[in-house]
Amino acid sequence: MKKKVFSIILLGFLVIGLTGCGKVNYTEKQILVREHCQPWYLSSKMTAGEIYDKALRNQKYTEDEDELILEGRDKKTGKKIVVYYEFKGDNPDVTAMKIDGEDKSYSDWYKYMTSYID
């Protein structure tokens, strides 16, 4: 009986491991933002995705043809963060940021992002 239960548990772990449980599948636009947006490259090699993962919990992406919106909660303050990206070809540009509904500038976004760089 114990062998059967152990076998079932082991099989469950194998199935979960093979199906990639917990792995996020990002869209092309999300990858462009997460891996190629790096305006602070002189001070750090961290990507925007690494910083967002460090700074935000409950990340949610929405997108359409030429815009991507990232929403999440700041891990330190709990404030709602919303960042708007516009796409011109394969180049994402930050167009706006909101913190708890308050409009912020590009420089505020830059300061926010660089505050999470080690």
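**A walk through the model**

Start by selecting D100, which sits in the loop between β4 and β5 (102-104). Helices (H or I, at least four residues) and strands (E, at least two) are DSSP runs here, numbered from the N terminus. You're looking at a predicted model, where local features need pLDDT of at least 70, side-chain atom pairs count only at pLDDT 80 or more, and totals for chains, interfaces and linings use all residues. Residues are numbered from 1 along each chain as its sequence is written, and side-chain values use heavy atoms, with hydrogens and water left out.

Stay on D100 and check its backbone: phi is near 50°, a positive value in a residue other than glycine. Most residues other than glycine have a negative phi. D100 counts as partly exposed, at 46% relative accessibility. The scale goes like this: buried is under 20% relative accessible area, exposed is over 50%, and partly exposed is in between (1.4 Å probe, protein chains only).

Next, pick N58, in strand β1. N58 also has a positive phi, near 55°, and counts as exposed at 63% relative accessibility.

While you're there, colour β1 and β2. They run antiparallel, joined by six bridges; two strands pair if DSSP finds at least two bridges between them. A hairpin of three residues links β1 to β2, and L56 stands opposite D74 in β2.

Click L68 and look across to its bridge partner in β3, Y85. The β2-β3 hairpin has five residues between the strands, and G78 in that hairpin takes a positive phi near 80°.

Time to go inside. Which residues have the most contacts within the largest nonpolar core? Select Y52, V83, Y85, W109, Y112 and M113; the core has 25 residues in total. A nonpolar core is a set of buried Ala, Val, Leu, Ile, Met, Phe, Trp, Tyr and Cys residues joined through side-chain atoms within 4.5 Å. Among the elements giving two or more residues to it are α3 (48-55), β3 (80-88) and α4 (106-114).

Zoom in on V83. Leaving aside neighbours within four places in sequence, V83 is in contact (heavy atoms within 4.5 Å) with residues including Y52, L68, V94 and W109.

Last stop: T47, in the loop between α2 and α3. Is it buried or exposed? T47 is buried, with a relative accessible area of 18%. Its side chain reaches the backbone oxygen of R34 at 3.2 Å. Beyond its neighbours within four places in sequence, T47 is in contact with R34, E35, C37, Q38 and W40.

Notes:
A polar contact is a pair of N or O atoms within 3.5 Å; within protein, one must be able to donate a hydrogen and the other to accept it, and residues adjacent in sequence count only if both atoms are side-chain atoms.
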